[in-house]
Amino acid sequence: MNTFFKSISCLFFCLVLSSCQDGQGKNTVAEPEAVPEKISKPESEVVILRKKPKDVKTPEGMVWIPGGEFIQGAVPGDHMAMEHEKPAHKVKVDGFFMDISEVTNAQFKEFVEETGYITVAEREIDWEEMKKQLPAGTPKPHDSIMQPGSLTFKKTPTSVPNLYDFSQWWRWTIGANWKHPNGPNSGIIGKDEEPVVHISFEDALAYCDWAGRRLPTESEWERAARGDRAGVPFTWGDDMSMLGKMANTWEGEFPVTNTKEDGFENRAVVKSYRPNDYGLYDMAGNVWEWTSDWYNSNYYNDILKSGEVPLNPQGAEKAYNERDPYAREQVIKGGSFLCSDSYCASYRISARMATSLDSAQEHLGFRTVATADMLRNQQGQE
């Protein structure tokens, strides 16, 4: 690996790679919302909000996700499941409202125009701040590299024998951001209904604050994606042959050739495929989606060992990745147009990945949720 790429690797790949693996400005990284104090109640006192309250209006572009108990994590017989999707465990969630699709370029543009917000990928890079997150002694890259940008995908000319070497298909692209998703010479004119990408965790939280929403917890996201289909790996059931008709993913040899059998090579317009049981689109493929949960390698085991069925779990209380103990990462869900059955197959409901808070990539976006209480407060003020 040449010196130039070593600098890029040290600076960016240890911070922002999530691609289909379970590892990972003047950039100020926002902390996740505080974890509410957990109050244990006897089973008989726990009431799950299942039906939509009659006094709350469903916001435009959202649907009600009924509360309930379900099994989170890898389903039996899923040979593609990764270890961090196990062990499966029971959880309960109250009902909530969720965006029917990923937040689009048009929606994010409205937010930016109203607030003047500048995303992490557009900000000047503060080396003094960034090096605090890197191994001691990491050399500062040349000033020509230390410019605002983000990660973009590139195909490889030939087959890749080592799919763990992300540098073969990811590159740091100066000028890549939500307005220029494939680099400075690209744009979003005519792409209003494509999902917004190159969105960091901080960016997603800022949008949520403006919209009066929040990010879903991992349990809420999985509850919504699964619908009422227990024990199956996909949002539509267990028929793998339906993949090309149900989700925007990579078909062909990754990362060399995409046959586009599903109709798309890159991001697809939201709602291009059939919705799941709850009326949600793109809960499999298209772009990865942020959740509000810290990524912690031990979290699923800890829940199972507790012997309890948590109600509205907020995720781990702190971040921990056994592959990188110093990492501070969030859980992302849903997979993307780069997910292939020969690589990560993260279009499955239980699939999950770890991504650093300041990560911004061309296959990472988000959708929002709202609770009945949040909307009562908002609608009562109208």
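Modeller: Let us begin with the sheets. Two strands pair if DSSP finds at least two bridges between them, and a strand is a DSSP run (E, at least two residues), as a helix is one (H or I, at least four residues), both numbered from the N terminus. In this structure, the bridge partner of E289 in β10 is G365. The model is a predicted one, in which local features need pLDDT of at least 70 and side-chain atom pairs count only at pLDDT 80 or more, whereas totals for chains, interfaces and linings use all residues. Residues are numbered from 1 along each chain as its sequence is written, and side-chain values use heavy atoms, with hydrogens and water left out.

Biologist: In which sense do β7 and β10 pair, and over how many bridges?

Modeller: Strand β7 (residues 288-294) pairs with β10 in the parallel sense, over two bridges. Both belong to an open sheet of four strands in the order β9-β8-β7-β10, with mixed pairing. Because β9 and β10 (364-365) stand at the edges with a single partner strand each, one side of each is left without a neighbour in the sheet.

Biologist: What is the strand order of the open sheet of three strands?

Modeller: The order is β1-β4-β11, with antiparallel pairing. Here β1 and β11 (369-370) are the edge strands, each with a single partner, so one side of each lacks a neighbour in the sheet. Strand β4 (residues 96-99) and β11 pair over two bridges in the antiparallel sense, with M98 having V369 of β11 as its bridge partner. Helix α5 lies across β1, β4 and β11 and runs at about 75° to β4; axes are lines fitted to C-alpha atoms, for helices over the stretch in contact, and angles run from 0 to 180 degrees between N-to-C directions.

Biologist: How many bridges join β2 to β3?

Modeller: Five bridges join the two strands, which run antiparallel. Within this pairing, E69 stands opposite K92 in β3. As to burial, a residue is buried under 20% relative accessible area, exposed over 50%, and partly exposed in between (1.4 Å probe, protein chains only). Four of the five residues of β3 are buried, so β3 is largely enclosed by the rest of the structure.

Biologist: How is burial read in a helix?

Modeller: An α-helix has 3.6 residues a turn, so residues three or four places apart point the same way. In helix α7 (residues 299-306), the residues Y299, Y300 and I303 are buried. Seen down the axis of α7, the buried residues fall within an arc of 100°, so they line one face of the helix; the arc is that of the directions from the helix axis to the C-beta atoms. They pack against β2 (68-72), β3 (89-93), α5 (218-226) and β9 (352-356), where contact means heavy atoms within 4.5 Å. After α7 comes G307, whose phi is positive, near 75°.

Biologist: Is K333 buried or exposed?

Modeller: K333 counts as buried, at 0% relative accessibility. Its place is in strand β8 (residues 329-333). The side chains of K333 and E222 are joined by a polar contact of 2.8 Å, that is, a pair of N or O atoms within 3.5 Å; within protein, one must be able to donate a hydrogen and the other to accept it, and residues adjacent in sequence count only if both atoms are side-chain atoms. Leaving aside neighbours within four places in sequence, the contacts of K333 include W221, W288, T291 and I349.

Biologist: How many salt bridges does a search of the whole structure find?

Modeller: A salt bridge is a side-chain nitrogen of Lys or Arg within 4 Å of a carboxyl oxygen of Asp or Glu, and the search finds 17. One of them joins D55 and R376, with the closest N and O atoms 2.8 Å apart. D55 lies in the loop between α1 (3-16) and β1 (62-65), and R376 in helix α8 (residues 372-380), so the pair ties together parts that are 321 residues apart in sequence. R376 is partly exposed, with a relative accessible area of 33%.

Biologist: With which residue does R348 form a salt bridge?

Modeller: R348 forms a salt bridge with D78, the closest N and O atoms being 2.8 Å apart. R348 lies in the loop between β8 and β9 and D78 in the loop between β2 and β3, so this pair ties together parts that are 270 residues apart in sequence. R348 also forms a salt bridge with E85, again with the closest N and O atoms 2.8 Å apart. Both R348 and E85 are buried. Elsewhere, salt bridges that share partners join E218, E222, K333 and R352 into one network.
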